[in-house]
Amino acid sequence: MKKFNSLSLSMDLLDFHHHQLGRSGIYNLGLDEEIPNAKFSAGLHPKDISKNWRSDFEKIKITSLSANCIAIGECGLDSNVAVDNELQNEVFAAHISWAETVRKPIIIHCVRRFSQILHYKNAKIPLVVHGFNKKENIARELLEVGFYLSFGYAALENLSLQNIIKNMPIQKLFLETDDSDFEIIKLYEKVSEIKSISMENLKNQMWENLNHIIENG
């Protein structure tokens with residue numbers, strides 16, 4: 001897959017997972033949205049799984065063949081939605097299989113199902129848990145088997161998350177706004193402070209991390 005031009009993007013802050021077109025990063029495309037003139041991800045969120053999920057997933061597969069689609073997701077497992085856990089696993093496994101076929105990384109949504117997410121650690125594509133907001137032991141387990149972690153608004157004030165960020169390899173880190181209403185620069189400033197790294201170097205590292213998971217998709 002073609003690599004991002006890091007020079008032309010050096011002025012932009014990567015927003016790894018967001019819901020607002022126009023931001024620099026990966027837009028989370030809705031099931032019935034048209035393919036945008038921007039980089040995006042395509043997947044079936046656990047809350048959107050229905051009895052028609054197979055036909056919905058066929059749409060996603062077609063959409064994901066676009067050159068602008070750089071990741072599959074968000075998809076995953078969620079204990080808070082009224083969808084059978086076995087069905088959620090079936091749908092998630094389908095996403096991973098398709099991602100391996102098209103060689104694109106996965107953006108994972110996970111709520112209280114991390115022990116099950118770990119079962120997919122041997123997937124042949126990069127796995128990124130977005131909006132990570134859990135304890136250090138869970139972060140450590142995920143990082144030890146190769147997952148990437150993306151942090152959002154909660155990391156601005158949550159000391160436990162800040163400690164995870166401080167101690168984790170920066171090569172496994174992403175930053176995002178998700179659906180929160182705040183400027184991504186605030187998160188970059190906080191992480192720059194936590195990691196004792198300049199804003200410029202942090203900015204470049206985030207794009208380098210993205211290039212890496214695209215190249216290794």
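One cavity of 30 Å³ or more turns up in this structure, which is a predicted model. How is such a space found? Rolling a probe the size of a water molecule over the atoms shows where empty space is left. Here the largest cavity holds about 60 Å³ of space.

Leu-29, Gly-30 and Leu-31 line the largest cavity, along with Ala-42, Gly-43, Lys-59, Ile-60 and Thr-63. Which element gives the largest share of this lining? Helix 1, residues 53-63, does, with three residues. Sorted by class, the lining has four nonpolar residues, three polar ones and one charged one.

Stay with helix 1 and turn to its partner in a contact, helix 2. Two packed helices are described by the angle between their axes and the distance between the axes. Helix 2 covers residues 85-102. The axes of helix 1 and helix 2 come within 12 Å and cross at roughly 20 degrees. Angles under 35 degrees count as roughly parallel, so helix 1 and helix 2 are roughly parallel to each other. The crossing of helix 1 past helix 2 is right-handed.

Which residues make the contact? From helix 1 come Trp-53, Arg-54, Phe-57 and Lys-61. From helix 2 come Leu-87, Glu-90, Val-91, Ala-94, His-95 and Trp-98. Between them, the residues of this contact divide into six nonpolar, three charged and one polar.

Helix 1 supplies three residues to the lining of the largest cavity, and Trp-53, Arg-54, Phe-57 and Lys-61 of helix 1 take part in the contact with helix 2.

Technical notes: Residues are numbered from 1 along each chain as its sequence is written. This is a predicted model: local features need pLDDT of at least 70, side-chain atom pairs count only at pLDDT 80 or more; totals for chains, interfaces and linings use all residues. Side-chain values use heavy atoms; hydrogens and water are left out. On a 1 Å grid over the protein atoms alone, a cavity is a set of points where a 1.4 Å probe fits but cannot get out, and a pocket is an open set with protein on both sides within 12 Å along at least five of seven lines; lining residues have an atom within 4 Å of a point. Grid points are joined across faces, edges and corners, and a volume is the space filled by probe spheres set on the points. Helices (H or I, at least four residues) and strands (E, at least two) are DSSP runs, numbered from the N terminus. Ala, Val, Leu, Ile, Met, Phe, Trp, Tyr, Cys and Pro count as nonpolar, Asp, Glu, Lys and Arg as charged, and the others, Gly among them, as polar. Axes are lines fitted to C-alpha atoms, for helices over the stretch in contact, and angles run from 0 to 180 degrees between N-to-C directions. Angles under 35 degrees count as roughly parallel, over 145 as roughly antiparallel, 65 to 115 as roughly perpendicular and the rest as oblique. A crossing is left-handed if the near helix is turned anticlockwise from the far one by less than a right angle, and right-handed if clockwise. Contact means heavy atoms within 4.5 Å.
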